[in-house]
Amino acid sequence: MEPTRVLIAADKFKGSLTAAEVAAHVTAGLRGVLPGLPVVSLPVADGGDGTVAAAVAAGFTRRTAEVAGPLGTPVTAGYALRDDVAVIEMAEASGLRHLPPGVFAPLTASTRGTGELLRAALDAGARTVVLGVGGSAGTDGGAGLLAALGAVLTGADGTAVADGGGALAGLAAADLTGLDPRLAGTAIVLAGDVDNPLCGPTGAAEVYGPQKGAGPRDVAVLDAALGRYAEVLAAAVGPRAVAAAHAAGAGAAGGLGYGALVGLGAVFRPGVEVMLELLGFGAALEGAGLVITGEGSLDAQTLHGKAPAGVAAAARARSLPVVAVCGRLLLSDEELAAAGIRAAYPLTALEPDPARCMAQAGPLLRRAAATIARDHLTG
């Protein structure tokens, strides 16, 4: 009898292992019990951190460009390119990762670098762009993104407004006619798992501003500034700017989603769906007898558009069993089953100390994978 073919489609373990490293350790653990076991690895992502790395692992080429970081300091940001399809991870250019440790800039951080990165992808020949959102350092509504691509945003004195969400309070006019003309012939997919609107109690500033260092006063300033921004864009382009402020994805990445929807004609889609299509997940499922997915923490957020939930849903549609590996497990057996995951193997069950668990994630994953082999692949 042919051995069961295993597909490993896991996301990164944030702070410990990349998705590719997770797959390598799981493969080693499985084959420690069943030498020669046929294993296929397909690192996955949901549009957030690790999206470019997953695309590169699937055959895209990594490109880099020097762009403005969230505070204007140059950073080297990567994107992935295959033929005329580019995958851009906004956090590569405009993410919290580029701020000094312990430093936040909720009012001044900009998405200008993301616009510059998108322009670099256009220069490289991209005509379809997947823009993964998440982990942004600021809340500027995508104003920096648009400015980098040719939009002119001015205050009452006719000069360009400063970068950052706080400065949008003084926005008086917007001219989008100078946007890069190549954008008109480019399909842009906004890939994320956030369906918040731009403004209000469930908007970008109120919900996500505190994660970026915004205190209550900053949140109020940013929410009002984003409201002003939407008013000015509506005056510039018409009612569609008003509708976009309430659309799914508008509040993603500090409102960058809104700027992309209005200025770039982007279409919002759940990030995990986009990435699974792009990575060839459907083809990888062919012939698989067991799917192993996972991420650093399996928790309530996992159930709302994260990669393991997307993997499990697609596998379940083909009646394929799914198990998961994770650093920690915060879901009940019932929640796992509802998501299509038969069993989960947390590393904390092997090493309860969180610091040691993260430091030893690779060896622990191999041990967990050996248990999976014994539980699910041996008779």
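Is Asp83 buried or exposed? The first legend below gives the answer; every view is taken from a predicted model.

**View 1. Asp83 in the loop between strands S4 and S5.** Strand S4 covers residues 74-82 and strand S5 covers residues 85-89, and Asp83 is found in the loop between them. Asp83 is exposed, because its relative accessible area is 70% and the cut-off for exposed is over 50%. The phi angle of Asp83 is near 55°. That is a positive value, and the residue is not a glycine.

**View 2. Ala253 in helix H9.** Ala253 also has a positive phi, of about 55°, although this residue is not a glycine. Its place is in helix H9. With a relative accessible area of 9%, Ala253 counts as buried, since buried means under 20%.

**View 3. Helix H7 beside helix H9.** Two packed helices are described by the angle between their axes and the distance between the axes. Helix H7 spans residues 216-237 and helix H9 spans residues 252-263. Their axes come within 12 Å and cross at roughly 5°. H7 is therefore roughly parallel to H9, as angles under 35 degrees are counted that way.

**View 4. Residues in the contact of H7 with H9.** On the H7 side, the contact is made by Tyr229, Ala230, Leu233 and Val237. On the H9 side, Tyr258, Gly259 and Val262 take part. By residue type, the contact contains 6 nonpolar residues and 1 polar residue, with no charged ones.

Terms used: Residues numbered from 1 in each chain as written. Predicted model: local features only at pLDDT ≥ 70, side-chain atom pairs only at ≥ 80, totals over all residues. Heavy atoms only, no water. Axes fitted to C-alpha atoms, helices over the stretch in contact; angles between N-to-C directions. Helix = DSSP H or I, 4+ residues; strand = E, 2+ residues; numbered from the N terminus. Parallel < 35°, antiparallel > 145°, perpendicular 65-115°, else oblique. Contact = heavy atoms within 4.5 Å. Nonpolar A, V, L, I, M, F, W, Y, C, P; charged D, E, K, R; others polar. Buried < 20%, exposed > 50% of the residue type's maximum accessible area, 1.4 Å probe, protein only.
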